[in-house]
Every structure is written in C-alpha cells, then in structure tokens.
Amino acid sequence: KAEEESERAYLTRLEKKRNYLKNPRFFPPNSLHGGKSLVISQEKVEQTIARGKAEDNKGDNSLVPVFLANPPTVLFSDYEVGQVYKMTVELQNVTSTGHHLRLRPPSTSVFDVGAGKFPGKGGMIAPGMTCHYTVQFIPEYLGDYEDCIVVETQVAEPLLIPIQAKRRPPVLTLPRIIDCGSCLVGGIKVTTILCRNEGFSPGKFCIMPKKAWPPPDFRAVDTVGFVIQDPFGIQPAVFELSPGQSTTVEVVFFPSSPEVSQQIYTIVCDNCQVNDVTVTGLGQLVAVEILFVTGGESKPKPGEVTDVTAQHLIRFDPQNPHTTQEKKLVIRNSTHVELPFYWQIVKPNLKPLITEETTDLTKLKYNRDTESAFSLNPEQGVLLPHAGHDFILTYTPQELRSYHSVIQMVLRDIPESPGLVREGMLQNIPEYKAEDVIALEIEVKGSTEPFQLLLEPYAIIIPGENFIGVDVRKTFKMWNNSKSLIKYTWDKIIPSDIMEVEPHTGVIDTNECCEFELVITGSKPGCISRNLQCKIEHCPEPVILHVEAAFKGPLLCIDVPSLQFGLIKRGESVLRTFEIRNLCQLPAQWKMQESQVCLAERNEEISPFTIQPSSGRLPPLGMCSVSVQFTSPLCQRIQTVLELEVENGEGSHLPVFVEVQTPQACLRSSHLVFTDIYTGVPAKATGKLFNQTLLPAKYLWGKLIGSQAAFCSVTVSPASSTLGPNEEKEFCIELSANIVGELKDLALSCSIEDMTEPLFLSISGDVKGLHVTYSVPCDSGLASNERPIVQSPRDLLLDFGSEVAFKDIVKHQLILTNHTGISAPFKLEAEYFTASSLPPEERICP
C-alpha cells in the first residue's frame, strides 16, 4: 500500500509537469483568465465579472475596458468653411495582454480618419502601449456636425468615440418683440435698439420679411437701407458682429391710420440659425381735453359777447388791481404719445351781434394780446402720454378795467394726416411733414375794483405828557373789505422821535382785520404831530394814521436848596456834598458846572469850584452823591450858581455862597509905656490884641528888636494863642532892663498866622537905677553916714579889731536903706582872704 501511494504521487507529479498555463491573450478579455487590467484593481475586476455573470450568463460583456481613447470625444469648436482641421486620437491598451483592434471610419463626409500609427509591427498593441489615429474635419458650412468612430476589439461590444463639430453660436441681445409704442398718424417714430453679440464667435446676420424666407438667393434679400414692411422699417439689413461687438438697429414706425400694426421679420445667421422678431406699434390721432377747472366752467350770459372759436369759458370774480387769483386746470392727453406744447394768449374774435351773419373760420386772424392779465403756468412743456397735467391759470389785473382774452394750447410738430395709399404702393418711408396745431382754446374774462380799507380809529391822540425814551403803546385795527388779501408795510418815522407800528409788514385776508400796536418813543421834550403812512402793495394811495403826543424829559432833584461854604481862609480847600435824585423811571444823563454868566461877571475863565463827578448817568429812581470843592487864592465874597443840565430834560440851579478872607488882627495900642521901671528890676504892663475877622487867628510873640534890645529882656504871657472870631484878648509883658535911661529904640514883634506882615509893639519908658544905701552904727567903729551900695566888695570894710580871741564871736550891725518905691532884692556875700594874701603888716584873720 505504501508503494502504491508512492507511485501514484509520482504519476501525479508527472502529469503536473505537462499541464502548462495558456496565454491569457487567447482568453476573452472579460473572462477570469483573460488578463489583468492596468487601471482597475484585480479584486474590483473579479467583483465586476461576478456581478456581470449574475446579471447575464454570457460572461463576455464589456465590463472591463480594453482600450481607452484620449480624448474620449473628438470636438471641433472653432472652424471656418473651406478650412481643414485635424485632431489626433490615442488608443491605449489598459490590460496586461497584447491586443489587435480595427477602426470603422465615420459615415459623414466632412470627417475622415487616416491610417494608424502602432508601437510595433503586425498591428499588435502591447499592454500599456498606445496607437494614434488622425481625425480630419473639412466643414462645408458653419453648422453643427455629429458622428462617431467605431473601434472593434475581441470584446463583443465595440468602443465608440464620438466626433462633434459644435461652433459656439453668436448670441444677439435683440428682443423677440419690438414695441415701437404709439405714434401720431402721419408721423414717424424711430426706435433705436442696441444689438450686442454676447456669444463667443462672430456671426453674419441678415434681416428680411418673414414672407421672404427662405429666399431663393440671399442676394435677393440683401438690401441697402431699411427693410420695409408697411408701416415699419428696419435697418441695417445685413450686419456682422464679433464677440462683444455691438451695433445700432433702427426701427421706423410710420402709421397711416389710428390702429394697432404688427409685422414679423426673420433674422438669419451664417451658422444656419433662424429667429423671428415681431414689430408692433399703435397709430393715434391728437386728443386733448379739460378734466377739471377750479370753480367749474362758466356759461355765457344772455347777450354776452364771446369768442367765435373758443370751446371753453372761464370767468374770474372781480379783483383788486395788482392782485392775483389762481385757478387750477387739469388737462389730459388722451393719446399714448408725448405732445410738446406751448400757450399763447390772443385777443378774442368776437361773434357778430346779428345772428344771421356767419363767420368764415378760415379767414380768422389771431392777434397777440400784449396787455392781457391772464397767464398759464407752465407756459410750455410736454404732455405725457395718457396722463392728466396740472396747470395754474392766473388772473393779475393791473388797471381798473375789464379783461377779456383767449388762451390757446398749441401743439408743436404735429404731422399732417397722410392721404389714402393703395396696397403695395408704399415702397419707401413717406416724407414727414409737421406743423403747430391749436388743440385747445379757452376764453377767459375778469374785472377789477379798488381796495377797500378802514382804520379804526383813524387818528390816535395820546393824552398827558409821557417820558422821552419810554415806549408809549396804543392799539388800533385795520379792516380789509377788499376782494383780495392785501400786503401792507408801515413806514417808520425816525427824524428825532421814533414812531413805528407792529407788526411792521404782513398780510390781511379778505374781510379780515389786523390789530396793530403803535409804538411811539419821544427823543426830546415837546409835542409831536405826525401822519404815519401805510403803503399797500399795488395800491396808489397809502393809508394815513394821524398821531399826536406830548413828551417830557427826565426829572432830577437836588436835595439841598443852596450850597453854603461859609467863611473860609484864603488858600484853604473846602468840600461840600449833596445828592442828586432821579425822580422818574428814565435813566438821566446829567452835567453840572458853574454858570458862565457868573464867571463872566467876576472876569474869570476857570471856575474855582471842582465838581466831582461833574457828569454821569443816573438809573431810574437812582441817586448820586456829588462833592464840590472850593479853593480860592483871593479874598472875596462869591455868590454864584451851579447849573445842572439834564439831557433831554429840564435843568436846575443851585445857589452857592462863600466868603473868602485871610486872618487879620491888630493891637488896640501899638505903643506900650512903662512908667516905673528900674534897671534890673522886672516891670509889667498889659496890652490888647483884637481879631478883626471871623476867622480864628493864631499869634506868636517874637523877640525884641531895636538898638536897645540887647540890654533888655521881655516875657509875654501868653506867648502864643488863638484869637476867636472878633475876639479881643489881653496880654501881659514883663520887661527887665539892664540899662538906665530912656527907652527909645525898642519894639516887640507879634506874628499872626497867614498875615504877611507881623504886628509891632513899640516899648518906651524911663529906666531908673536902684537907690539903696548902707550905714553902720557909731559903736561899730564906722562912719554912720549913708553911702550908696556898689557892687565892689572893697567898698565896705568892717574892722573887728586886732585882738579877737579864738572862737570868739564878734558882731557888727549893717543897715541897708532902699530909697525907691520898689523892692530891691539883695544878697550879701563875704569874700575870705588868707593871711598870706596880704602884706605882713596887714595880715589879719579873715
């Protein structure tokens, strides 16, 4: 058994050696052993084959590609007729085995496939290798072409390579329907359309009537100018546009009847594209009508003269001259065409008074009315299609009379209606003829009347006196009984006084009144009488308001009746103050100075009075303190006046009194006699000083003067003092003379303050010496006769003897006798001498 198994294994190995693999290229490509794909994984190939067998038991479906074409589709996108275009197609073997292929050429004559180029000999294409075929395209026209190349391989289903020639067509922006809108019959309307090629290739186009397509020859429809289809025309007939290029297409509409017209045109492109364009338009006749008039239209009164041709009558109520009344008109353009227009105003062509007479309307002449009071706004413009338009009819009379005019609406450039045209006669666009046409005639009438104004009251008289600078206000009214509103402007009077009316200007409606306020401001005292004018716009005569008023200025009061400076000393400055009060509600500008008349009487140019402040402004009910300083170098009596001047007011006067003096005193007796006077003995005498003025006088006694002043001394009591007004004061002089004899040249000075010269008191008298004698009793050892005393100490010698004991007291009696009537003070002095001061024989003890 073991040997048998060994032999069987040996035979099996022998058989395996003879079982060689078959070349995969001999298997169908889509079979399990037909080779591997170079672009698809083997697992996905096996899944695809298995899924194909499950769906179809055939197993040779072309589930896995054998060859791939590059490009997969042959496309020619830009070409011209008569040119040759070529493109190379690559066929790549995407399996792992070599294969043969065969091409069937395209069926279309414009395509052709040349001989292929293979990588090797014998037509075998190895795995991954490619072969090349050249496709040739010769277009016969610019249209689109489609065909295919059939590639046959071992696969049951051949490989198809589409061939396409598609030239991107030009795209025009020309609309399919061109609406020319409305046009007046007999007119010509041109519609311009910008035609642009928005495609990616150029194109040639031809426009022809729909009934001419297809033409036997394009030369038969190639026309110069407009392609006419009554009542339309289009140009250009032939044009060429490159990509992005544009041209202008003109469509002309010339209707001959009031109806809707329509024509179809065919546009043919050189790439065989054919499109139809429909052109429409509406022919219309002129139609204008009045829809609305403010207040409605009027009808002629019986026997009233009217215009012959006017279709409408508008009447205005009576108005004042130069005033304006407006009425609104709504006029409708009933057509779908813009109608340019303008208004003209003419004089009316009146109907004849005899009804049997007829008027030939063709012979009527229209004369411009240059003095018309009527106008229409806007005066010219364009009536928009099928719309109502607002107009303002204005009546502005200038004079007191009646106005009658005819307003005509004239349409510009209205075409003439064409005559009857037989069918087929119209080959070209008709000649355009236009003229201005009167489409509407409106007769207007109006009258005028003067203004009716009333002042209430017509005059204003202000009682009493009013302060200047203070507004005085009075009210009054003005009634407007006119037919229209008025615009007023009051004049303003400012020559010296201010007179004005508030409101200064404005408007008063019909049958209304306006309340005014008259404001008067006086600038100076007095009475005023004025006529204030109110100018009414467009009224020749002003309205007059008479005004009367009286004014007074500021009132100032000084609080003192007079200014008393009293008695003052020359050269001194005296200050007095007073107050000025404002007694009114006005500010007051004042000024104060001394009267020039008083200065002239004193022959002075500069006033000695200094006023501070000398001017100023007092507020209403205010008060001001004024100081007056007086300084005079002269002794005088002044009675003057200070004038208070008030601007625009009444001034006042302030009396001033001043007495200027200098101190003046005198001696009741300028000579003083001393009767009993002794040398060395003071003697007294009295005198009197008298103040001759009312000023206090200070005095001071001075020194003695004269040749004998050196030997005398004097004491005055009091030495200085003040004399009151008119005071007399006694003084005492104590004189001591050191000479003997008569006093002849001796005087005493007295200085009075502010007196230029002092007072002198002369002193006289007989100075006697002292008569004093001494005597010694007889027992003293001296002579007893009387001897006059002299001042020499040696005149008297008392001898006490030569024998006087030590410490003994020795006395002598000395008798002094005064022989005069005045006391004589005395003094005894002893003079001691030493013994050595005398000669030896005379030495004694002192």
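This is a predicted model: local features need pLDDT of at least 70, side-chain atom pairs count only at pLDDT 80 or more; totals for chains, interfaces and linings use all residues.
Residues are numbered from 1 along each chain as its sequence is written, and side-chain values use heavy atoms, with hydrogens and water left out.

Let me start with the overall picture. The protein has four helices and 57 strands, where helices (H or I, at least four residues) and strands (E, at least two) are DSSP runs numbered from the N terminus. Of its 846 residues, 36% are buried; here buried means under 20% relative accessible area, exposed means over 50%, and partly exposed is in between, with a 1.4 Å probe and protein chains only. If we take the contacts with a separation of 6 or more, 71% of them come from residues 24 or more positions apart, a contact being heavy atoms within 4.5 Å.

Now to the charged side chains. Side chains of opposite charge can pair when their charged atoms come close. The rule used here calls it a salt bridge when a side-chain nitrogen of Lys or Arg is within 4 Å of a carboxyl oxygen of Asp or Glu, and by this rule the count comes to 23.

One of these joins Arg315 and Glu304, at 2.8 Å from N to O. Because Arg315 sits in strand β19 (residues 312-315) and Glu304 in the loop between β18 (288-293) and β19, this pair ties together parts that are 11 residues apart in sequence. Arg315 is partly exposed, at 22% relative accessible area, and Glu304 is also partly exposed, at 21%.

Another salt bridge is formed by Glu371 and Arg401, whose closest N and O atoms are 3.8 Å apart. Glu371 lies in the loop between β21 (339-346) and β22 (374-377), and Arg401 in the loop between β24 (387-395) and β25, so the parts tied together are 30 residues apart in sequence. Glu371 is exposed, with a relative accessible area of 57%, whereas Arg401 is partly exposed, at 31%.

There is also a network of salt bridges, which links Asp471, Arg473, Glu502 and Glu517.

Leaving aside residues up to four places away in sequence, Leu743 touches several others, including Ile677, Cys712, Leu735, Ile763 and Val767. Leu743 and Ser707 are 36 residues apart in sequence, and their C-alpha atoms are 9.8 Å apart in space.

Finally, let us look at the backbone. The peptide bond from Asp230 to Pro231 is cis, with omega near 5°, and Pro231 is in the loop between β12 (227-229) and β13 (232-235). A cis peptide bond also joins Glu456 and Pro457, with omega about 0°, and Pro457 is in the loop between β27 (453-456) and β28 (459-467).

Which residue other than glycine has a phi near 50°? That residue is Asp413, and this phi value is positive; Asp413 is found in strand β25 (residues 403-415). Asn603, although not a glycine, has a positive phi of about 60°, and its place is in the loop between α4 (596-601) and β40 (609-612). Asn603 counts as exposed, at 71% relative accessibility.
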